[in-house]
Amino acid sequence: MFRKVHLYLTMLCAGITAAILVVMSLLYLYLSEKGLYENQYHSFQNDISTIATSLEQQSVISMEWLSKMEARGGYTFYVLDNGIPFLYNQLINLSDSSETRVLLDSCLKTYKNDFEYTFIEEELNSGGRYNTCFHAEFPFNPNGKPHEFYAGVIELGKENSSLQMVVLSPLDFLEKQIFVQRIHFLAIDLAAIFLLTLFSFFFTGKLLEPIIESRKKQTAFVAAASHELRTPLAVILSAAECCRDADEERRIKFLDTIKQEGEVLTSLVNDMLSLSASDSQNLSIHPVPTELDTLLIDAYEAFEPLASQKKLSLTVSLPENYLPPCTADKERIFQLLSILLHNAISYTPEGGRIELSLQHRKSRFYLSVSDTGIGILPEDRKKIFDRFYRVEKSRSAKGHFGLGLSVASEIVKLHHGTITVAERSGGGSIFIVMLPT
Ligand code: ADP
């Protein structure tokens, strides 16, 4: 299921970023191409204006000058002197049917339709007596395609003679430039989309990791919980079955067993409920100023009988000087001490010692439960706070499901404290809980 979600998220993430990238690229290309054509048109207009001024100033038009201007702008010139093709044009094939001639004629036709009237007006206004120079530039697309040529026509009237010059600037070099630019953008976009897809795959994978992890934990939790619930339930059912035909004495024994297993089940279900509440952020605490030394004495008094029963010595050590109250949830801290003491009693063999102590240093309280028990191997010290984790050798301990320390660490977290476990000098374990004042 997560594989599908991962792929879907990757596609979604990569798709959206790729779409934004493509739209931005297209916008950039549009603006850049528009700018290229505009710049070219302006520079063409400037050149026509320069040529017109030069023509106006020159009394004789040299062929050398014309070909120099032509080569500089990549233009094609067509000069008519009093309507007759100028000698210069004899170098290019301008027979009636030649391609260039058709092109130039068509250009002149466009000019006549759109501009000649303006030039005649100007000339009429001057009475044909003065020198007149008129030039016009326009986009010229003889084949109906966009951006074929920029064309310019210069009309020069000198006394009784007239000179007409057509300048054509083919735009195919710009088209080539634009085509190369588009190919570059396409390649860059494709590479970027590929990288974005890889990144999205990696990124969404990282995002899903905690969800997958939590899902795995949840499944493991449910599986382990069902497994743990099965044993006491099986004992209860078989004891209830045996009750039917048992005599009075045995029936009482079976009922005791049912009660004991019921208590075990209740404690297991309570622990599971606490952890599930903590997972859904519903495990709340009600912190009030609490005298931790009093709480430790209460815990000592509650567990002393059980310790004596197991022939263990339980002692409590408290600081002699005044202790400020600690803002904590009394019931939860008592539950935490109960878990630690219950474990210490369970994992310490007869004749052992258990010590409950409290210290206050630098605005912090340190509660510790140490025992002379079986101890915990360094490699197990981190794992024992995991749900349902039990060290192999203690698996048989009755009523221990590996949830106690998980609940303890959730309680400590809610109090913004820490819980650590270490080896007690001389053997056994020591659990230290730090609580801020
Ligand atoms: P359990 O209910 O099984 O004790 P806990 O979460 O309280 O579950 O503890 C997890 C495991 O850590 C225990 O199964 C036990 O193996 C180990 N453990 C906890 N406390 C002690 C201790 N004081 N001495 C030795 N081992 C301990």
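The model is predicted, so local features need pLDDT of at least 70 and side-chain atom pairs count only at pLDDT 80 or more, while totals for chains, interfaces and linings use all residues. Residues are numbered from 1 along each chain as its sequence is written, and side-chain values use heavy atoms, with hydrogens and water left out. The largest nonpolar core has 49 residues, helix α8 is largely enclosed by the rest of the structure, and the structure holds zero disulfides.

**Nonpolar cores**

- A nonpolar core here is a set of buried Ala, Val, Leu, Ile, Met, Phe, Trp, Tyr and Cys residues joined through side-chain atoms within 4.5 Å. Buried means under 20% relative accessible area, exposed means over 50%, and partly exposed lies in between (1.4 Å probe, protein chains only).
- Within the largest core, of 49 residues, Ile333 and Leu336 have the most contacts.
- Helix α7 (residues 330-346) gives this core its largest share, eight residues. Helices (H or I, at least four residues) and strands (E, at least two) are DSSP runs, numbered from the N terminus.
- Leaving aside residues up to four places away in sequence, leucine 336 touches Ala408, Ile411, Val412, Ile419 and Val433; contact means heavy atoms within 4.5 Å.
- There is also a second, separate core of 25 residues, and Tyr37, Leu66, Leu156 and Leu163 are among them.

- Eight of the 11 residues of helix α8 (residues 404-414) are buried, so the helix is largely enclosed by the rest of the structure.
- Those buried residues are Leu405, Ser406, Val407, Ala408, Ser409, Glu410, Ile411 and Val412.
- Their packing partners are α5 (248-279), α7, β11 (418-423) and β12 (429-436).
- Serine 409, found in α8, counts as buried because its relative accessibility is 14%. Not counting residues up to four places away in sequence, serine 409 touches Phe385 and Ile419.
- Just after α8, histidine 416 takes a positive phi of about 60°.

**Domains**

- The domain assignment of the protein chain gives domain 1 (60-117 + 130-170) and domain 2 (288-436); such bounds come from an automatic or database domain assignment.
- Taken over C-alpha atoms, the centres of domain 1 and domain 2 are separated by 102 Å.

**Cysteines**

- A disulfide is counted as a pair of cysteine sulfur atoms within 2.5 Å, and the structure holds zero of them.
- For cysteine 133, the closest cysteine sulfur is in cysteine 107, 17 Å away, which is too far for a bond.
- Cysteine 133 is partly exposed, with a relative accessible area of 23%, whereas cysteine 326 counts as buried at 1% relative accessibility.

**The second largest pocket**

- This pocket has a volume of about 650 Å³. A pocket is found on a 1 Å grid over the protein atoms alone, as an open set of points where a 1.4 Å probe fits, with protein on both sides within 12 Å along at least five of seven lines; lining residues have an atom within 4 Å of a point. Grid points are joined across faces, edges and corners, and the volume is the space filled by probe spheres set on the points.
- The lining has 20 residues, of which Lys217, Gln218, Phe221, Asp279 and Arg387 are the closest to the pocket centre.
- The elements that give two or more residues to the lining are α4 (172-245), α5 and α8. The largest share, 10 residues, comes from α4.

**Loop residues with positive phi**

- Histidine 147 lies in the loop between β3 (132-140) and β4 (149-158). Its phi is near 55°, a positive value in a residue other than glycine, and histidine 147 is partly exposed at 33% relative accessible area.
- Lysine 362 is found in the loop between β9 (353-361) and β10 (364-371). Although lysine 362 is not a glycine, its phi is positive, about 45°, and it is exposed with a relative accessible area of 79%.

**Exposed helix residues and chain distances**

- Methionine 11 lies in helix α1 (residues 2-57) and is exposed, with a relative accessible area of 58%. Its C-alpha atom is 43 Å from that of isoleucine 285, 274 residues apart along the chain.
- Isoleucine 188, in helix α4, counts as exposed at 52% relative accessibility. The C-alpha atoms of isoleucine 188 and serine 25 are separated by 9.7 Å, with the two residues 163 residues apart along the chain.
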